[in-house]
Amino acid sequence: MPLEIIGAGYGRTGTLSTYTALKELGFPCYHMLEIMNVKANKWHLGFWHKVANQPQGRQHDWEQVFQGYRAAVDNPACCVWRELLVAYPDAKVLLTLHPRGADAWYESTIDTIYFTEVMWQWKLLEFFTPFARKFGDMSRKLIWGRNHNGSVGQGRAAAVAEYERHIADVKASVPADRLLVFSVTEGWTPLCAFLDKPVPSTQFPNVNDRAEIKKIISGLTIGAYGIVGAGVLAAVALTYAAVWFWG
């Protein structure tokens, strides 16, 4: 089935809550979580890594990753929203915004998903593990390089300016009748009206994944320290072997 909803909002703009809400409305949704589910989608990272290493604007066989989904939000799909508009010309566009504005979005991003660019522990994992190496390269080129134009690494002012420019760009590029600018604090009503769906009786999902991301970062840190520890033990063992051999 073709995509019916293209998420153009940056990561850390309520995309996990939106992802959960869309699934509840009957729209199977693609999210970064699908890539992290390596057991089910072990080749998805390879697809996005290929996208990241080819020119912007190039079309790909998007159904390789989107088959079975009706919507896509969050990274890395939001990085190619223009290409997806061409590939799925009947789709609607959902532009999620951080409920507390651009500064709050920046702080949330730096505190969570930007770890691939700043943590030495992640760099160590990239050196030793193929998954981290490919994921880091994809993130660096497609998310932080292409979608954010390198702005996050330049500091708050540049990142916030790019965030605002992105919003203006999407608004100018998508016909008003196909676009919903949405904050999760608005709840079900605007989303359901946009998608022509009845409003559920349940409360709108409020899924803040910051704690989960922190757990992932903590696990990566432990893994990196394990690599360092193994390296130290190996070095000590080699030293003793050399002393014994040459002694």
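1. A residue is called buried here when its relative accessible area is under 20%, exposed when over 50%, and partly exposed in between (1.4 Å probe, protein chains only). On that scale, 48% of the 247 residues of the protein count as buried. Please keep in mind that this is a predicted model, in which local features need pLDDT of at least 70 and side-chain atom pairs count only at pLDDT 80 or more, while totals for chains, interfaces and linings use all residues. Residues are numbered from 1 along each chain as its sequence is written, and side-chain values use heavy atoms, with hydrogens and water left out.

2. Now the overall picture. The protein has twelve helices and five strands, taken as DSSP runs numbered from the N terminus (helices: H or I, at least four residues; strands: E, at least two). With a contact defined as heavy atoms within 4.5 Å, 74% of the contacts between residues at least 6 apart in sequence join residues at least 24 apart. The accessible surface (Shrake-Rupley method, 1.4 Å probe) comes to about 12300 Å², and 60% of that belongs to carbon and sulfur atoms.

3. The five strands form an open sheet with parallel pairing, in the order β2-β3-β1-β4-β5; two strands pair if DSSP finds at least two bridges between them. The edges are held by β2 (29-30) and β5 (179-182), each with a single partner strand, so one side of each has no neighbour in the sheet. Two bridges join β2 to β3 (residues 71-72) in the parallel sense, and C29 stands opposite A71 in β3.

4. Helix α11 (residues 188-195) deserves a look. This helix packs on the sheet, touching β1 (5-7), β4 (92-96) and β5, and its direction makes about 170 degrees with that of β5 (axes are lines fitted to C-alpha atoms, for helices over the stretch in contact, with angles from 0 to 180 degrees between N-to-C directions). Its buried residues are W188, L191, C192, F194 and L195. They fall within an arc of 160 degrees seen down the helix axis, so they line one face of α11; the arc is that of the directions from the axis to the C-beta atoms. Their cover includes β1, α1 (15-24), β4 and β5, whereas T189 and A193 on the other side are exposed.

5. Some backbone details are worth checking by eye. Just after α11, D196 takes a positive phi of about 55 degrees although it is not a glycine, and this residue is exposed at 69% relative accessibility. D74 also has a positive phi, of about 75 degrees, but D74 is buried, with a relative accessible area of 8%. D74 lies in the loop between β3 and α5 (81-87). P76 belongs to that loop too, and a cis peptide bond joins N75 and P76, with omega about -5 degrees.

6. Finally, the aromatic rings. Rings of Phe, Tyr and Trp (its six-membered ring) pair if their centres lie within 6.5 Å; planes under 30 degrees apart count as stacked, over 60 as edge-to-face and the rest as tilted. The count comes to 18 aromatic pairs. One of them, Y10 with Y163, is tilted, at 6.0 Å centre to centre and 55 degrees between the planes. This pair links distant parts of the chain, 153 residues apart: Y10 is in the loop between β1 and α1, Y163 in helix α10 (residues 156-173). Both tyrosines are buried. W62 and F66 form a stacked pair, at 6.5 Å and 25 degrees; W62 is buried at 2% and F66 at 0% relative accessibility. Ring pairs also link Y30, F47, W48, W62, F66 and Y69 into a cluster.
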